[in-house]
Amino acid sequence: MKPFKLAIASGKGGTGKTTISVNIAYFLNSDHTKSIKLLDCDVEEPNDALFFPEAELVSTKEVTQLIPRIDTDACTFCRKCAEWCEFNAIVVIPPVKFAEVNASLCHSCGACLVACEFDAIKEYPEPIGTISYLNTGIGAGLAEGRLKIGSAMQTLMIKELKKDVSDEHQIVIYDAPPGTSCPVVETVSDADFVILVTEPTPFGLHDLKLTVTLLQDIGKQFGVIVNKSGLGNSDVFNYLDNENIELLGEIPFDREYARRYADGSILKDIPTDIENRYRTIVDKIALRMKAYEGNNNS
Ligand code: SF4
Ligand code: SF4
């Protein structure tokens, strides 16, 4: 059976989304299922692995993108490929017989290859980043995508990461990039449920509203975790209430617990109050997972 896919997202960086992703993986593994896989889809700045300082690197895989190259001996400098390229990745200057592809703008759509009638374009693989597989001691471990600096191929990398999702896993957690742009949409696109992480501040509420609109537009089920509760004000809670959005739980701000983030020991000696709150949240997720399994078995 296909795994239950849970995406954890936030409208902005700094809400504690990664802390919450890692803790949810930890408590789901401890209380509900050992068959859990964590994917770090924040491929520009992956940091789930920081939470597992003792993790063993199992393997790495290079991810490549097919980039066209123009053979200027065969090229007639007709400019058709440049006209077909929607991403303005091709520059052709006929008077000086110049034709080149800008790899950083290319989306590997293949249109230029179709456009060229002179067989002057061929594709070659170019590395865009790596996927690392780590044994974290939690379920099936962590797969981390990391883009090469300068590459803009976040969605391609996220697609590659998701190829690791297998029917052997009961649940897969996607730690999404922050924001509401294409990489976020790519991450949540096949999720069965999305958790939005926010904080009770005006900025948190502003970005939460943007993400809620995005998820409603693409028809995703979601709930919200308010992190660092106790700080800020009650506007986020009022908004959730007014909009009838499920509050999955609150994680209070705890200075000592935040300090452990810095030294990578956040999964050790978790304060009892925070532990209980995570257990309540993962119980709710487990219920959704069981409902999903029931629906997909019948
Ligand atoms: S593959 Fe697509 S994006 Fe890349 S250069 Fe060709 S037309 Fe442009
Ligand atoms: S379509 Fe082919 S021949 Fe024309 S400019 Fe592009 S590469 Fe050259």
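**Entry 1: helix 6 and helix 7.** I looked up where these two helices touch, and found Gly204, Leu205 and Leu208 of helix 6 meeting Asp235, Val236 and Tyr239 of helix 7. Contact here requires C-beta atoms, placed from the backbone, to lie within 7 Å. Helices are DSSP runs (H or I, at least four residues), numbered from the N terminus. I sorted the contact residues by class and got four nonpolar, one polar and one charged. For the classes, Ala, Val, Leu, Ile, Met, Phe, Trp, Tyr, Cys and Pro are nonpolar, Asp, Glu, Lys and Arg are charged, and the others, Gly among them, are polar.

**A note on the model.** I keep in mind that this is a predicted model, where local features need pLDDT of at least 70, side-chain atom pairs count only at pLDDT 80 or more, and totals for chains, interfaces and linings use all residues. Residues are numbered from 1 along each chain as its sequence is written, while chains are lettered from A and ligands numbered from 1 in the order in which they are written.

**Entry 2: ligand 1.** I found 14 residues around ligand 1, with Cys85, Cys106, Cys109, Ala111 and Cys112 the closest. A residue is near a molecule if its C-beta atom, placed from the backbone, lies within 6 Å of it. The shell of ligand 1 holds eleven nonpolar, three polar and no charged residues.

**Entry 3: ligand 2.** Next I checked ligand 2, which has 15 residues around it; Cys75, Cys78, Cys81, Cys116 and Ala120 come nearest. I count twelve nonpolar, one polar and two charged residues in the shell of ligand 2.

**Entry 4: domains.** I read domain 1 as 4-52 + 136-297 and domain 2 as 65-127, with bounds from an automatic or database domain assignment. Their centres, taken over C-alpha atoms, are 40 Å apart.
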